[in-house]
Amino acid sequence: MNIYINEQQLDTKLDGETNLGQVFDQIQKWIESNGKYLRHFTVNGKELNRSDLDSVGIEDTKRLDLYVGEELDVIEDSLVEVDNYVDKVGSTLVGRDSLTEKESEDLKEGIPWIISMIRTTTKLLNLNLNLIQPMGKGKNVEEILESLDNGSLVLDSTKAIESFLEDLRDVKLFLMDLSTRLAVMRLDESELIEIISKFVDQKDKVIKDFMLVNENFQSGKDHLASEILNDAVGRLTGLMSALVSIQTRHTELNWQELSFEDKKLSDLVGQLNTTLSNIASAMEKNDIVYAGDILEYELPEILESLVPFLSLVLEKVTV
């Protein structure tokens, strides 16, 4: 039997194992001891479940392929599975007024899995689910997940299913957002530094764009204002993701204590997230005056305060 890890043949000898399950468990322990994670595996080119391996003899196995990655790889794989599952559930429920008993039981297992994966990913990305509204309005992610969990328990009418599908659509949007954030974290460190440096260099333009949002809202150009706002918020999302990724790669530095003029970076990031949430809430209520005040006065001040921290980050990771 030949064993391959990420297409590289493993030079190893069997030590009394009698079935493929025993071999698999030993290799997985070795993988985990090296700080890696198993993404998936194939036996003779076919995907099997772990439970199948105990009945597979070593003599029946020509090739065992294992694909290994970092924690981020595993999370991305899982998010793809979650996204596919959300699509499958959505297409199954559209136009329905009830579920079969099996469908109900499957959902009671599937929805907690979705919620668990989202919480794991957002913890890695240091995101506060209470401050993120996928549609830019309405319920935040924490409220959506709670509603989704409760709604999955009783889907016995068209109204209940439609409400559940609305939450599912919001989850789909948030999964797209998570994928974007994770993509930033996959970048090389030089690319992450470039994102942060570019924000520092173009800080005035970013602030001006947010002020343009207010100007266009005031002049009745709501569609243009929304486009500019989405683009500007997207750049902030990319910046925050790059910042989180840099911090996770340099754990030797005490980021929690990073301060400038008696302010801490962690506090400023929290303030920024809260401010963005307040803008979304004001727009939902069509309170253009309040949203305009935040965009023109509060947000620029926070972004100005953020720049010295970003310069300190760059200084620490480029020495």
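Q: Ala, Val, Leu, Ile, Met, Phe, Trp, Tyr, Cys and Pro count as nonpolar, Asp, Glu, Lys and Arg as charged, and the others, Gly among them, as polar; what does the lining of the second largest pocket look like by class?
A: It has four nonpolar, three polar and five charged residues. This is a predicted model, where local features need pLDDT of at least 70 and side-chain atom pairs pLDDT 80 or more, while totals for chains, interfaces and linings use all residues. Numbering runs from 1 along each chain as its sequence is written, and side-chain values use heavy atoms, leaving out hydrogens and water.

Q: What makes a residue part of that lining?
A: On a 1 Å grid over the protein atoms alone, a pocket is an open set of points where a 1.4 Å probe fits, with protein on both sides within 12 Å along at least five of seven lines, and a lining residue has an atom within 4 Å of a point. Among those that qualify are Tyr37, Leu72, Asp73, Met185, Arg186 and Arg249. Two elements give two or more residues each, α2 (71-93) and α8 (222-249); helices here are DSSP runs (H or I, at least four residues), numbered from the N terminus.

Q: Why are α2 and α5 called roughly antiparallel?
A: Axes are lines fitted to C-alpha atoms, for helices over the stretch in contact, and angles run from 0 to 180 degrees between N-to-C directions. Under 35 degrees counts as roughly parallel, over 145 as roughly antiparallel, 65 to 115 as roughly perpendicular and the rest as oblique. α2 and α5 (residues 158-185) pack at about 155°, with axes 10 Å apart, so the pair is roughly antiparallel.

Q: What makes α4 oblique to α5?
A: The axes of α4 (residues 141-151) and α5 cross at roughly 140° and come within 9 Å. That angle therefore makes α4 oblique to α5. The crossing is left-handed, meaning the near helix is turned anticlockwise from the far one by less than a right angle. α2 also passes α5 in a left-handed crossing.

Q: How do you know which residues of α4 and α5 are in contact?
A: Contact means heavy atoms within 4.5 Å. On α4, Val141, Ile144, Leu145, Ser147, Leu148 and Gly151 take part, facing a set on α5 that includes Phe164, Leu168 and Phe174. By class there are eight nonpolar, two polar and two charged residues.

Q: What does Ile288 touch, leaving out residues up to four places away in sequence?
A: Asn214, Phe217 and Gln218. Ile288 itself lies in α10 (residues 288-317).

Definitions and conventions: Ala, Val, Leu, Ile, Met, Phe, Trp, Tyr, Cys and Pro count as nonpolar, Asp, Glu, Lys and Arg as charged, and the others, Gly among them, as polar.
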